[in-house]
Amino acid sequence: TSTSISNSADDGAGAVRAVSDEALRDQSKFQLLTVTALYVAIKVNERVAVSSDRLAEMCRRVHTTGEIEKMERILLSGLSWKCHAPTAHQVGLSILSLVEPYVDVPEETWEILIEETTYLTEVAVF
């Protein structure tokens with residue numbers, strides 16, 4: 001029901017608030033939260049993901065894989081899993097990539113379509 005969804009979102013936000021309050025007082029917790037935020041940003045925005053084990057290794061094992069993954073769940077829960085909204089430009093390029101196999105257009109025309117998509121999505125913001 002909507003009440004249980006609302007309550008779980010409130011619980012997630014409360015957990016993030018508690019962790020962030022703790023992070024302000026504890027340098028180690030602050031570092032864990034920061035590393036986890038970076039980990040989530042990499043997973044969302046980059047083409048190549050970094051495993052939580054590799055990230056723990058990069059942090060010289062100051063934080064374990066389990067700690068990073070637990071903090072990731074808290075962070076994502078607090079965000080209600082709303083961490084990636086595609087831009088208009090990304091949607092436009094996705095649509096073009098879906099259409100590409102079904103149309104026969106010269107390479108120059110395809111490049112113009114991509115350039116126009118970029119231009120139109122940029123001016124649409126203003």
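Where is Y102 found? Y102 sits in the loop between α5 and α6 (107–125). Y102 is exposed, at 73% relative accessible area.

## Model and conventions

This is a predicted model: local features need pLDDT of at least 70, side-chain atom pairs count only at pLDDT 80 or more, and totals for chains, interfaces and linings use all residues. Residues are numbered from 1 along each chain as its sequence is written, and side-chain values use heavy atoms, with hydrogens and water left out.

## Overall fold

The protein has 6 helices and 0 strands. Its pattern along the sequence is α-α-α-α-α-α. Helices (H or I, at least four residues) and strands (E, at least two) are DSSP runs, numbered from the N terminus.

Of the 126 residues, 20% count as buried. Buried means under 20% relative accessible area, exposed over 50%, partly exposed in between (1.4 Å probe, protein chains only). Accessible surface comes to about 9,200 Å², with 58% of it on carbon and sulfur atoms. Areas come from the Shrake-Rupley method with a 1.4 Å probe; for residues, only the protein chains shown count as cover.

## Nonpolar core

The largest nonpolar core has 14 residues. L33, V35, L55, I68 and M71 have the most contacts inside it. Helices α1 (2–25), α2 (27–45), α3 (52–58) and α4 (65–78) each supply at least two residues of this core. Helix α2 gives the most, with 5 residues. A core is a set of buried Ala, Val, Leu, Ile, Met, Phe, Trp, Tyr and Cys residues joined through side-chain atoms within 4.5 Å.

Leaving out residues up to four places away in sequence, L55 touches V35, Y39, V50 and I68. Contact means heavy atoms within 4.5 Å.

## Salt bridges

The structure holds 4 salt bridges. The criterion is a side-chain nitrogen of Lys or Arg within 4 Å of a carboxyl oxygen of Asp or Glu. E72 and K43 meet in one, at 2.7 Å, N to O. E72 lies in helix α4 and K43 in helix α2, so the pair ties together parts 29 residues apart in sequence. E72 is buried at 11% relative accessibility, whereas K43 is partly exposed at 39%.

R61 pairs with D53 at 3.0 Å, N to O. K29 bridges to E22, with the closest N and O atoms 3.8 Å apart.

## Surface patch

V91, I95, L98, V99, Y102, V103, V105 and L113 form a nonpolar surface patch of about 720 Å² accessible area together. Helix α5 (residues 88–99) supplies the largest share, 4 residues. Patches are made of residues with over 30% relative accessible area and no salt bridge: like charges are joined within 9 Å, nonpolar side chains (Val, Leu, Ile, Met, Phe, Trp, Tyr) within 5 Å.
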